[in-house]
Amino acid sequence: MSQNMDGNLRIAALELAQKAHAGQVDKLGVPYIEHVRAVAAAVAHLGLKFEIVGLLHDSLEDCADRSLVSMEILTERFGPEIADAVAAMTKQPLEDYETQYLPRVMSNPIAAKVKHADVAHNRSRLHLLDKATRDRLEAKYSRNV
């Protein structure tokens, strides 16, 4: 893949992530796009596919508008390998985190690396949260990757 083509895919992924997370903020009130950008930056050294999955890792789960983000759109724009990794990272309603979600994430090599970066970024900010939220998330992430 040419450098120009790589740049175009990176830009397309960032633009899609910005649309998918428009108006969303994290628990600290920071625009949510900053989280996905941080995750993408943490895995960029592994290659473009990892970076794109980092940018899009929460897009299926957090974007209510399926005309913006769907498996079909991800596959068409970025290919099945990236779409499958994003899908692997998408927690389904009523899905058990430990017995269903995490094993699926860990079975996808791209998703597994991106999930490590996702958890690391989330953990790096826990000290900024209130105690109850911090305790709940620390317990969740301690069961994680």
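Figure 1. Ser 59 is buried, with a relative accessible area of 0%; buried means under 20% relative accessible area, exposed over 50%, and partly exposed in between (1.4 Å probe, protein chains only). The model shown here is predicted, so to speak of local features a pLDDT of at least 70 is needed, side-chain atom pairs count only at pLDDT 80 or more, and totals for chains, interfaces and linings use all residues. Residues are numbered from 1 along each chain as its sequence is written, and side-chain values use heavy atoms, with hydrogens and water left out. Ser 59 belongs to helix 4, which covers residues 59–62; helices (H or I, at least four residues) and strands (E, at least two) are DSSP runs, numbered from the N terminus. A polar atom of the Ser 59 side chain lies 2.7 Å from the backbone oxygen of Leu 56. This is a polar contact, that is, a pair of N or O atoms within 3.5 Å; within protein, one must be able to donate a hydrogen and the other to accept it, and residues adjacent in sequence count only if both atoms are side-chain atoms. Beyond its neighbours within four places in sequence, Ser 59 is in contact with Ala 20, His 21, Arg 66, Val 69 and Val 86, where contact means heavy atoms within 4.5 Å.

**Figure 2. The whole chain, before we zoom in again.** The protein chain has nine helices and zero strands. Of its 145 residues, 44% count as buried. Take the contacts with a separation of 6 or more: residues 24 or more positions apart account for 55% of them. The chain exposes about 7,800 Å², and carbon and sulfur atoms supply 54% of that area, as found by the Shrake-Rupley method with a 1.4 Å probe, where for residues only the protein chains shown count as cover.

**Figure 3. The largest nonpolar core.** This core has 36 residues. A nonpolar core is a set of buried Ala, Val, Leu, Ile, Met, Phe, Trp, Tyr and Cys residues joined through side-chain atoms within 4.5 Å. Look for Ile 52, Val 53, Leu 56, Leu 74 and Phe 78, the residues with the most contacts inside the core. Two or more residues come from each of helix 1 (3–20), helix 2, helix 3 (48–56), helix 5 (71–78), helix 6 (80–88), helix 7 (97–106) and helix 8 (109–124). Helix 3 gives the most, with six residues. Leu 74 touches Leu 16, Leu 56, Leu 60, Val 69, Gly 79, Ala 83 and Val 86, not counting residues up to four places away in sequence. In soluble globular proteins, nonpolar side chains tend to be buried together.

**Figure 4. The buried face of helix 2.** Helix 2 spans residues 33–43, and its buried residues include Ile 33, His 35, Val 36, Val 39, Ala 40 and Val 43. Seen down the helix 2 axis, the buried residues fall within an arc of 160°, so they line one face of the helix. The arc is that of the directions from the helix axis to the C-beta atoms.

Figure 5. A search of the whole structure finds four salt bridges, each a side-chain nitrogen of Lys or Arg within 4 Å of a carboxyl oxygen of Asp or Glu. One of them joins Arg 10 and Glu 51, with the closest N and O atoms 2.9 Å apart. Arg 10 sits in helix 1 and Glu 51 in helix 3, so this pair ties together parts that are 41 residues apart in sequence. Arg 10 is partly exposed at 32%, whereas Glu 51 is buried at 14%. Lys 49 and Glu 81 also meet in a salt bridge (2.3 Å, N to O). Lys 49 lies in helix 3 and Glu 81 in helix 6, so the pair ties together parts that are 32 residues apart in sequence.

Figure 6. In the loop between helix 6 and helix 7 you will find Leu 94. Leu 94 has a positive phi of about 70° although it is not a glycine, and its relative accessibility of 87% counts as exposed. Asp 96 caps the N-terminal end of helix 7, with a side-chain oxygen 3.2 Å from the backbone nitrogen of Glu 98. Within helix 7, the buried residues are Tyr 97, Tyr 101, Leu 102 and Val 105. Down the axis of helix 7 they fall within an arc of 90°, so they line one face of the helix.
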